Amino acid sequence: MLPSALQAARSLASTRVLEAADLADTLAVLHRDPVANAFVATRVEAVGLDPWRLGGEMWGWFDQDGRLESLCYAGANLVPINAGPVAVHAFAERARRQGRRCSSIVGPAAATAGLWALLERSWGPAREVRGHQPLMATSEPAAAVTPDPLVRRVRRDEIDLLLPACVAMFTEEVGISPLAGDGGLLYQARVAELVSTGRSFARISERGEVVFKAEIGAVTKGACQIQGVWVAPAHRGKRLSESGMAAVLDFALREVAPVVSLYVNDFNLPARAAYRRVGFREVGAFMSVLF
């Protein structure tokens with residue numbers, strides 16, 4: 001869009017914090033792409049738009065006819081949703097005025113890149129920018145990989161066994177420990193929540209060692225998202241991530257949602273190859289800006 005056209009479109013549109021009365025329209029926007037929007041949709045479907053319960057504000061961008069077209073979740077993460085260039089500019093202006101309160105910007109690559117280009121001068125530098133993270137999905141069980149029969153739901157009395165593996169995964173993935181800041185209270189609560197709701201899976205040896213683990217982090221009516229995939233270092237190279245993922249995928253398709261997704265760093269070639277063997281295919285791309 002040309003700068004003059006962009007300015008004209010911006011003058012005819014508006015942006016504001018969404019409220020309870022906007023819930024139906026918000027869900028309609030989220031459901032346009034249930035795979036890409038699973039992370040935010042699962043929160044909104046569960047608690048609505050109240051900022052305290054949602055853990056942040058939901059900003060809405062309305063076109064010149066007053067229709068809600070784009071969203072931006074502004075909480076611990078800044079997440080643009082269905083946001084074209086005009087909406088991205090509007091969200092960036094609001095974010096710049098408010099100041100950075102999030103630990104990351106994450107979402108569809110084009111919109112996230114646009115936000116970061118507009119915010120970098122005032123919010124930068126970032127600790128790390130991951131410009132291309134393939135978004136992968138499948139609606140079929142693994143055809144070429146046999147599910148690991150030893151992968152099962154983690155029991156509540158096994159949280160202490162699971163937590164060190166979760167911390168190791170997070171630290172490897174993000175580059176900082178989740179135990180920093182509040183001593184890990186929020187992170188431990190999240191791990192406990194996933195276990196208590198039956199969305200945490202692992203292969204645990206007879207000695208109590210977590211060999212493989214993964215969680216179903218986001219769940220909506222249309223799709224769910226697997227996260228936190230990890231294999232203990234001593235067991236890597238044995239394709240346990242493939243058989244473990246096949247097992248989690250079977251459960252997710254059978255009991256959770258008709259489509260299962262995940263996103264992965266583009267430089268993690270072994271993981272991308274493993275997910276392809278399980279049956280996942282690239283359907284888009286995310287981008288993450290980490291602070």
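Analyst: Happy to, and let's begin with arginine 153, which has a relative accessible area of 39%. Buried means under 20% relative accessible area, exposed over 50% and partly exposed in between (1.4 Å probe, protein chains only), so arginine 153 is called partly exposed. Before we go on: this is a predicted model, where local features need pLDDT of at least 70, side-chain atom pairs count only at pLDDT 80 or more, and totals for chains, interfaces and linings use all residues. Residues are numbered from 1 along each chain as its sequence is written, and side-chain values use heavy atoms, with hydrogens and water left out.

User: What makes arginine 153 and glutamate 255 a salt bridge?

Analyst: The term asks for a side-chain nitrogen of Lys or Arg within 4 Å of a carboxyl oxygen of Asp or Glu. The closest N and O atoms of arginine 153 and glutamate 255 are 3.6 Å apart, so the pair qualifies. Arginine 153 sits in strand β7 (residues 152-153) and glutamate 255 in helix α9 (residues 240-255), 102 residues apart, so the pair links distant parts of the chain. Helices (H or I, at least four residues) and strands (E, at least two) are DSSP runs, numbered from the N terminus. Glutamate 255 also forms a salt bridge with arginine 254, at 3.8 Å between the closest N and O atoms.

User: Why is glutamate 255 called partly exposed, while arginine 254 is called exposed?

Analyst: Glutamate 255 has 48% relative accessibility, so it falls in the partly exposed range. Arginine 254, with 57%, counts as exposed.

User: How do you know that arginine 32 and glutamate 69 pair up?

Analyst: Their side chains meet at 3.2 Å, N to O, in a salt bridge. Arginine 32 lies in the loop between α2 (23-30) and α3 (38-47), whereas glutamate 69 is in strand β3 (residues 68-74), 37 residues apart. Both are partly exposed, arginine 32 at 45% and glutamate 69 at 21%. The two also belong to a network of salt bridges that links Arg32, Asp63, Asp65, Arg67 and Glu69. In total, the structure holds 20 salt bridges.

User: Why is lysine 213 called buried, and what does its side chain reach?

Analyst: Lysine 213, in strand β9 (residues 210-219), has 0% relative accessibility, so it counts as buried. Its side chain reaches the backbone oxygen of glycine 228 at 2.5 Å. A polar contact of 2.8 Å joins the side chains of lysine 213 and glutamate 215. That term means a pair of N or O atoms within 3.5 Å; within protein, one must be able to donate a hydrogen and the other to accept it, and residues adjacent in sequence count only if both atoms are side-chain atoms.

User: What makes the protein chain agree with a compact globule?

Analyst: With 291 residues, a compact globule would have a radius of gyration near 19 Å, and the protein chain has 20 Å, so the two agree. The radius is taken over C-alpha atoms, and the globule rule is 2.2 Å times the number of residues to the power 0.38.
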